Structures are given as C-alpha cells and as structure tokens.
Amino acid sequence: MTAALAELWPFLVLITVGFLPNEIWRALGLVLARGLNEDSEIVMWSRAVATATLAGVIAKLLLFSNGSLAAIPLSVRLGAAVIGFIVFLVARRSVFAGVAAGEVLLLAGGYLFAN
Amino acid sequence: MPGTGPLPMTFHSKTAAYLGGIRAACMSVFLVVLAGTYIGLGALAHDFGLSAFWLMLSTLLVWAAPAQVILISGIGTGAALLEVALAVTLSGIRLFPMVVALLPLVRDRDTRLRDLLLPTHFTSVSMWVESLRILPQLSPEHRLAFCNGLSTGYMGAAVSFGFVGYYLAAGLPPLLAATLLFLTPLSFLISTARNARIMMDKLALGLGLSLGALLTVMNLQFDLMWAGVGGGTLAYAIHRVREAMA
C-alpha cells in the first residue's frame, strides 16, 4: 500500500462501510414517504417498527456490551437499567432522574463488582 | 392535539423557528445523552488509532451513534469490512421507518424535495424522538426550520463532545469510560419510554426489547431486523385489533 493510500484508507472505509450502508435507509425513507400523511397506516406501522428496532439495539447494547462497559458484570448493567427505568416511572416520568439513577448505580456496582 | 387553543410554541419567522430549534436542542435532555455518547465514542476512536478529523467526519456523515460504535470497533479490531458494512446497515434499518414517520410532520403543501434532504440526513434517534414530541405543537410552516435548527444544535454538540472525548481518552479511567458507554442504552431506553404516547408505542418498545434480547442470545442472523420488523408489526397488529374492537 502506498503512503497516500494508507492515509486515505480510513476515509474510504468511512464512506463505503459506514456512510453508504447507513444512509441508504434514509434515502429509501425519503423516496417512500412522499405523499403520505402522518396518520396513514404505513406511517403508524413504520413508527412501531422504528421503535421496536431501537428497542432491539438497546437490548443488544445492554446484553453484549463492548469496550470498557464489557468489564461491568451483566447483572450490574441490567440491574442499573431496570432500576433507572423504575425511577423514571416513579419520578413523574423524568428522563433526567431515571438516567442519573441508572448511571449512579452502574458506577457504584462497577466499583464494587468490576471483573 | 388540534383545536385545543393557541399553539404552545409560536415563531414570527423561519429564522426565529430555526434559532428556536437550536435553543430547544441546547435545553433538551438529549444534550447530556449526546455528550456522554460522543465523549465515549471519541475515547473509542482515540483508542483504535483513528484521527480526530476522521471522527468528526464520521459524525457528520453517518450521524448515528450505534452505527459509529460498530464502525469504529469494527475497523479497530480488524473485522472483515463486509461484515462491518452488514452490521452498520442492519443497525441503520430503523432510520427508514423514522424518516417515513418524520417527513409527513415537517412537510408543508409547498415543500420541495430538496428541502427535505437535510431533515432526511439529520434523522437520528435523539432528533426523531424530540421532533415527534415537539413538531405537532408548531404551525406547519415553521416545522422544517425548527427541525433543522434542532438537528444543527445536536450535531454541533456531538462533534464538539467527540473532540472532548478524543482528547480526554488518554486520562479516562476504565470505570468512568464504562459509565459513559452505558449512557447510550440507558438514555435511549428511558427517552423512548417517555415518547411512547399510545399503547402501540409501549408494546413496540416491550416487544422489541424482549425479541432483541431473545434473538441476540439465540445468535440468530439479522437479529435486529427480525426484532424490529417482527416486534413492530406485532405491536401494530395488536393496536389495530384493539381499535377494531373498541
């Protein structure tokens, strides 16, 4: 590999492996969203699928964490997420309260039980 | 809620709506979320030897934290590029229904296609969740400008915090780095729950979580796609049946 190519390589990867495979779905949405209104059945279904896909990503990130989060035991990660969610419900649906509670628990649990 | 008196948020011009969007971004809980997520991503990019400029470009072009996590860790661990591309595209599927659900909200009768290019590219979880909550309270002619302002604010914050994380990375202890990475799933979970207005949204969230966990544990291929399409369709079907019976 020449020096110039070696320097450009990460950017080529960014475009072909990061940008294009991701952007294609936005482009497809733009093409298919024309002429639909916000209450139409396909938009309702799309919202349900988007929410469920996002929920799937959340489950995946919690169960199979990577990087430094992987060093925190699964039970601590799940416990912090569940209790954070309960705090959110109890604290009049305050996102901030729920996130703060979950984070504090993860920090404490990680400190006590880190692998 | 149409017909319930004056709109809670009114603007005198499109510029004012755009600036209002930036202000809404700065005051939203997602700013904290983006800060945590992108500080974590900056640290990750630094650890894997990518440049700070590369990270900025990936934020501007990809603009989806899960895809960026996959991309950076994939490049960093030397995974096969085709495999990384497939994982990125699977994580990006959720953007398709998001765009389909968002555009009818920002579109006016005389909106041109090229005006929709920006909100289309800007579509991401944080912007989508906030747009679906706030846009219905705005008059239709100001929604596009507000949405672009909101996204500009979020994207600017993400780029800035990416730099912060990149240059913090050297000194960040592992436990704090883990806490930052935990912000992504935790805040996505709770903010999606707050955004769940009707039973269908709550069902989709619950079904997506359980199916996502189940299929990932089973190590099924395309698990994310099945969790999303399966869980979402089931939630939609239950919603239709309940409506028909009511």
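Which residues of α5(B) are buried? The legends below get to that, starting with the helix itself. This is a predicted model, where local features need pLDDT of at least 70 and side-chain atom pairs count only at pLDDT 80 or more, while totals for chains, interfaces and linings use all residues. Residues are numbered from 1 along each chain as its sequence is written, with chains lettered from A and ligands numbered from 1 in the order in which they are written.

**View 1. Helix α5 of chain B and its buried residues.** The buried set is V84(B), A85(B), A87(B), V88(B), L90(B), S91(B) and G92(B); buried here means 20 or more other C-beta atoms within 10 Å of the residue's own, with C-beta atoms placed from the backbone. Helices are DSSP runs of H or I, at least four residues long, and strands are E runs of at least two, both numbered from the N terminus.

**View 2. Chain A, helix by helix.** Chain A has four helices and zero strands, running α-α-α-α from the N terminus. Its radius of gyration (over C-alpha atoms) is 20 Å, well over the 13 Å that the globule rule (2.2 Å times the number of residues to the power 0.38) gives for 115 residues, so chain A is more spread out than a compact globule. Along the principal axes, its C-alpha atoms fill a box of roughly 55 × 45 × 20 Å. Buried residues make up 43% of the 115.

**View 3. Where chain B meets chain A.** The contact (C-beta atoms, placed from the backbone, within 7 Å) takes 77 residues from chain B and 66 from chain A. On the chain B side, helix α10 (residues 174–195) gives the most, with 19 residues. That side has 54 nonpolar, 20 polar and three charged residues; nonpolar means Ala, Val, Leu, Ile, Met, Phe, Trp, Tyr, Cys and Pro, charged means Asp, Glu, Lys and Arg, and the others, Gly among them, are polar.

**View 4. The two domains of chain B.** An automatic or database domain assignment divides chain B into domain 1 (14–177) and domain 2 (196–246). Their C-alpha centres lie 24 Å apart, and four residues of domain 1 are in contact with four of domain 2.

Technical notes: A residue is buried if 20 or more other C-beta atoms lie within 10 Å of its own, exposed if 12 or fewer, and partly exposed in between; C-beta atoms are placed from the backbone. Two residues are in contact if their C-beta atoms, placed from the backbone, lie within 7 Å.
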